[in-house]
Amino acid sequence: MSVQTTAVLKKDITPEGSDYEIVRRAIEKISLDYRDQPSLEELAEEVGETPTGLQKLFTRWAGLSPKAFLQAVTLDHARKLLDSGMPLLETSFELGMSGPGRLHDLFVTHEAMSPGDYKTRGAGLTIRYGYHPSPFGTALIMATDRGLAGLAFSDPGEERATFADMSSRWPNAVYVEDMAATGPYAARIFDSTLWRPDQPLHVVMIGTDFQVRVWEALLKIPMGKARTYSSIAASIGTPSASRAVGAANGANPISFVVPCHRAIGKSGDLTGYHWGLTRKRAILGWEAGQISS
């Protein structure tokens, strides 16, 4: 049985003029300099865009203006909202966002592989993978014949490292590059018009029993809400295991779909994210835009 440990990209699949790369840099500056209240002009200069161009691009991408995003970071709204698990969009008006519309969210069904299957480290599995453009950079999608098994993100030039990270979780699996097989997953995941209850996205969770319980709890967090690690721990009957919950959250192999980005620290801090804190902020802001629009 062969195991491939590195991915070889036949071509650069990052779209020219990627919206996310520009937005990522703007969000990074907002996140670092929010106390200085950077103006639209300052943000535009940072990313090499005109103020009007950045305003249109950012709003097209996120459904929120840079100013609305800046206000959200400045108010540190997560810290204010999460003690009670209050929906983030309930404060959308004071954050300068539009009022909430119809809730959009992924409709997901899932199954978990048995602990015995997990202990084999992927032996007997064929995992098909492909790289696809997404709103958050290049997405590496991995699927078995039972459903979506992995979703990761990378910035330009980091595709091989991302593949190595993901494939190390199931080192005994056989990996086959097959974008035709993974393409429908990419289309389904990142196009909210295809999020339909009559066409659920099927995922297969490959982890320990505890990890799977945490990932199942994450699936219950709706878009526009967030939960602390301690509240997730309590929800699965292990109230003293918030650190272990944090570790399981960080090990989640199906990013975005299993929304580990909606888990935050007890104080409301966004804390870390396996694929970068800037990307976590971007995903949360994008989701807020999906709801408000």
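This is a predicted model: local features need pLDDT of at least 70, side-chain atom pairs count only at pLDDT 80 or more; totals for chains, interfaces and linings use all residues.

Student: Is α9 then roughly parallel or roughly perpendicular to α11?

Tutor: The angle between the two helices is about 80°. Angles of 65 to 115 degrees count as roughly perpendicular. Therefore α9 and α11 are roughly perpendicular.

Student: Which residues of α11 meet α9, and how does the contact divide by class?

Tutor: On the α9 side, the residues are F210, Q211, V214, W215 and L218. By class, the contact of α9 with α11 has 7 nonpolar, 2 polar and no charged residues. The partners in α11 are A244, V245, A248 and N249.

Student: How are α1 and α3 oriented to each other?

Tutor: Helix α1 (residues 19-33) and helix α3 (residues 51-62) have axes 10 Å apart and pack at about 105°. That angle belongs to the range of 65 to 115 degrees. So α1 and α3 are roughly perpendicular to each other.

Student: How many charged residues does the contact of α1 with α3 have?

Tutor: From α1, the contact uses D19, Y20, I22, V23, A26 and I27, while α3 brings L54, L57, F58, R60 and W61. By class there are 9 nonpolar residues and no polar ones. Asp and Arg count as charged, and the number of charged residues in this contact is 2.

Student: Let's turn to W286. Is W286 buried or exposed?

Tutor: W286 lies in helix α12, residues 277-292. Leaving out residues up to four places away in sequence, W286 touches W61, A62, P135, F136, F190, W195 and F256. Buried means under 20% relative accessible area, and W286 has 4%, so W286 is buried.

Student: What distance separates the C-alpha atoms of W286 and F69?

Tutor: Along the chain, W286 and F69 are 217 residues apart. In the model, their C-alpha atoms are separated by 9.7 Å.

Student: And T144: which residue's backbone nitrogen does the side chain of T144 reach?

Tutor: T144 lies in strand β3, residues 137-144, and counts as buried at 8% relative accessibility. Beyond four places in sequence, T144 touches L125, T126, I127, A149, Y185 and V204. The side chain of T144 also reaches a backbone nitrogen at 3.0 Å, that of R146.

Methods: Residues are numbered from 1 along each chain as its sequence is written. Side-chain values use heavy atoms; hydrogens and water are left out. Axes are lines fitted to C-alpha atoms, for helices over the stretch in contact, and angles run from 0 to 180 degrees between N-to-C directions. Helices (H or I, at least four residues) and strands (E, at least two) are DSSP runs, numbered from the N terminus. Angles under 35 degrees count as roughly parallel, over 145 as roughly antiparallel, 65 to 115 as roughly perpendicular and the rest as oblique. Contact means heavy atoms within 4.5 Å. Buried means under 20% relative accessible area, exposed over 50%, partly exposed in between (1.4 Å probe, protein chains only). A polar contact is a pair of N or O atoms within 3.5 Å; within protein, one must be able to donate a hydrogen and the other to accept it, and residues adjacent in sequence count only if both atoms are side-chain atoms.
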